[in-house]
Amino acid sequence: MNISTARLAPLWWDAVDASATRPAISSDVDVDVAIVGAGFTGLWCAYHLAGFDPSLKIAVVEANHVGFGASGRNGGWCHAEYPLGHGQLAHDHGKEAALRQMQALFASVDDVGSIARTEGIDCDYAKGGVVSVARLPFQDAYAREEVEHANSLGVKPDDIVYLSESEAKARLNATNVVSGVWYRHGAAIHPAKLVHGLARAAESRGVEIYESSRATAIRRDGVVTRGGVVSADVTVLATEGFGSQLPGRKRIVLPLYSLMVATEPLSDIMWDDIGLANRETFGDFRNLIIYGQRTADGRLAFGGRGAPYHFGSRIKPSFDTPDDVHTELVRVLVEMFPQLDGVTLTHRWGGALGVSRDWRPSVTFDREAGVAVAGGYVGDGVATAQLAGRTLAELIAGLDTERTTLPWVSHEWPSWEVEPFRWIGINAGLAMARRADRSEERRNRPSKLSDVGNWLRGKRR
Ligand SMILES: Cc1cc2nc3c(=O)[nH]c(=O)nc-3n(C[C@H](O)[C@H](O)[C@H](O)COP(=O)(O)OP(=O)(O)OC[C@H]3O[C@@H](n4cnc5c(N)ncnc54)[C@H](O)[C@@H]3O)c2cc1C
């Protein structure tokens with residue numbers, strides 16, 4: 001398998017009209033709520049808010065087109081994951097609050113599925129869970145700890161389950177599998193179909209979506225675009241990694257690239273060999289995250305976080321398709337599934353996700369300033385953005401719910417360092433994770449470098 005056969009575009013965009021089909025802002029507009037960004041966060045917020053109060057005038061302002069950002073490009077893992085893990089959540093907020101946050105995330109996976117069904121959004125939703133395999137003997141301890149720790153927090157034993165070698169291989173027959181963990185609360189989805197369907201569902205509730213309308217400034221009274229000002233009582237920033245390009249927000253959320261490849265549809269014989277019979281999404285316990293899904297049409301879509309951070313938080317289309325990182329992804333894919341060697345790669349792409357300085361996601365609403373923000377999901381935003389968008393809508397509507405007191409609500413992010421320290425720190429962390437993986441593979445024991453990487457991210461294992 002090699003990258004030369006692949007088209008430079010997200011696989012998911014083949015199934016939707018990935019271009020601007022809605023009007024741009026061409027004169028001043030007056031609304032109650034202006035939402036910047038037509039990805040999952042902005043659209044879930046708009047959808048729920050319009051449901052709570054149909055009399056509200058809501059406008060979504062999108063620089064490119066619906067699903068242009070991470071929401072239209074991701075791995076389609078709709079799963080209940082807090083970026084730094086449940087251990088860190090419990091350490092930060094205590095067991096009771098950690099459990100509430102986790103259960104809210106679990107519920108969001110089902111909410112995505114049930115709302116998609118209700119709204120007639122065919123997004124290939126399949127709730128087969130997530131399987132994470134240990135592929136080096138010492139990683140078996142991580143799998144056991146993960147389950148023990150979740151149980152000690154009060155997570156039900158059948159929500160996060162330890163898998164023996166044979167049980168893990170029965171779900172995912174990758175090379176060198178020694179054991180694994182299965183997480184019930186995970187579904188595979190087609191991200192572009194979901195984000196486009198969600199946009200239509202929001203519109204059917206009266207939300208106006210403007211495409212090709214970049215916000216150039218955020219003011220107390222709304223959003224400035226080249227075509228006109230959108231005056232609003234409340235402005236929602238739902239720009240995730242792209243938020244770094246807005247004036248005054250360069251050090252708030254950092255854009256980190258995640259890259260993906262997709263194969264041609266595989267034969268049934270090949271799938272019988274690989275597994276994922278329930279379309280479980282999958283990963284393993286390496287330091288530099290990888291993720292994959294069996295798509296509804298039988299392809300393997302596979303991604304990883306090996307791309308460098310670009311100086312000054314720059315975002316450019318050419319950063320989506322670096323040959324060297326995609327080649328390395330293909331190497332890892334074939335190393336895990338040697339039977340894929342002769343298979344054709346049809347697509348490769350990438351996109352920017354959002355990382356806050358303390359690697360924690362957040363949902364905030366400052367009523368006085370009229371500004372609401374959600375994001376910092378660090379690549380775990382598909383289900384999380386549903387919970388965040390709904391919580392933002394509840395906060396703006398003035399509702400008190402079990403979600404509006406979750407620990408991530410009103411969490412203030414520290415600022416990222418100024419350059420060049422940001423660039424040096426992040427890329428050193430990525431290089432360390434890469435070297436830790438190589439060393440762990442060679443020596444079959446945890447690398448000290450992975451401890452440094454965790455320390456840089458403020459994570460406890
Ligand atoms: C390659 C890749 C794989 C991933 N895989 C997974 C996965 O499998 N599971 C998972 O849970 N998460 C995954 N993620 C992360 C997940 O996709 C995101 O966390 C989530 O989609 C964020 O949604 P969002 O709406 O907050 O941001 P985005 O989807 O990035 O949307 C932001 C939108 O704001 C628009 N915008 C930006 N600036 C402006 C402006 N000035 N004016 C107007 N509009 C603006 C952008 O054009 C964009 O459409 C992945 C991300 C990437 C990049």
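**Exercise 1. How do α3 and α9 lie relative to each other: roughly parallel, roughly perpendicular or oblique?**

Solution. 
- Start with the angle. α3 and helix α9 (residues 384–397) pack at about 95°, and their axes are 8 Å apart. Helices here are DSSP runs of H or I with at least four residues, strands are E runs of at least two, and both are numbered from the N terminus. Axes are lines fitted to C-alpha atoms, for helices over the stretch in contact, and angles run from 0 to 180 degrees between N-to-C directions.
- Apply the classes. Angles under 35 degrees count as roughly parallel, over 145 as roughly antiparallel, 65 to 115 as roughly perpendicular, and the rest as oblique. α3 and α9 are therefore roughly perpendicular to each other.
- List the contact. From α3 come Ala 104, Leu 105, Ser 108, Asp 111 and Val 112; from α9 come Thr 384, Gln 386 and Leu 387. Contact means that C-beta atoms, placed from the backbone, lie within 7 Å.
- Sort the residues. The contact of α3 with α9 has 4 nonpolar, 3 polar and 1 charged residues. Nonpolar covers Ala, Val, Leu, Ile, Met, Phe, Trp, Tyr, Cys and Pro; charged covers Asp, Glu, Lys and Arg; the others, Gly among them, are polar.

A note on the model: it is predicted, local features need pLDDT of at least 70, side-chain atom pairs count only at pLDDT 80 or more, and totals for chains, interfaces and linings use all residues. Residue numbers start from 1 along each chain as its sequence is written.

**Exercise 2. Which handedness does the crossing of α2 and α3 have, left-handed or right-handed?**

Solution. 
- Take the geometry. The axes of helix α2 (residues 86–93) and helix α3 (residues 95–118) come within 7 Å and cross at roughly 135°.
- Classify. α2 and α3 are therefore oblique to each other.
- The crossing of α2 and α3 is right-handed. A crossing is left-handed if the near helix is turned anticlockwise from the far one by less than a right angle, and right-handed if clockwise.
- Find the residues. α2 brings His 86, Leu 89, Ala 90 and His 93, while α3 brings Lys 95, Ala 97, Ala 98, Gln 101 and Met 102. By class, the contact of α2 with α3 has 5 nonpolar, 3 polar and 1 charged residues.

**Exercise 3. At what angle do α2 and α4 pack?**

Solution. 
- Read the axes. α2 and helix α4 (residues 139–153) pack at about 35°, with axes 10 Å apart.
- α2 passes α4 in a left-handed crossing.
- Name the partners. In α2, His 86, Gly 87 and Ala 90 meet His 149, Ala 150 and Leu 153 in α4. This contact divides into 3 nonpolar, 3 polar and no charged residues.

**Exercise 4. In what order do the 6 strands of the open sheet run?**

Solution. 
- Trace the sheet. The order is β10-β4-β3-β14-β21-β20, with mixed pairing. Two strands pair if DSSP finds at least two bridges between them.
- β10 (208–210) and β20 (362–366) each pair on one side only. The twist averages 15° from one strand to the next.
- Zoom in. Strand β14 (residues 234–237) and strand β21 (residues 371–375) run parallel, joined by 3 bridges. Leu 237 stands opposite Val 373 in β21.
- α1 lies across β3 (33–36), β4 (58–61), β14 and β21, at about 170° to β4.

**Exercise 5. Which strands are the edges of the sheet of 4 strands?**

Solution. 
- Write the order. It is β2-β13-β12-β11, an open sheet with mixed pairing. The edges are β2 (29–30) and β11 (215–219), each pairing on one side only.
- Check the antiparallel pair. Strand β12 (residues 222–225) and strand β13 (residues 228–231) share 4 bridges in that sense. They form a hairpin with 2 residues between them. Gly 222 stands opposite Ser 231.
- Check the parallel pair. β2 and β13 pair over 2 bridges in that sense. Val 29 stands opposite Val 230 in β13.

**Exercise 6. How many residues surround the ligand?**

Solution. 
- Count the shell. There are 43, and the closest are Gly 37, Gly 39, Gly 69, Gly 75 and Gly 381. A residue is near if its C-beta atom, placed from the backbone, lies within 6 Å of the molecule.
- Find the sources. α1 (40–52), β15 (253–263) and β19 (345–356) each supply at least two residues of the shell.
- Sort by class. The shell has 18 nonpolar, 20 polar and 5 charged residues.

Notes: Contact = placed C-beta atoms within 7 Å.
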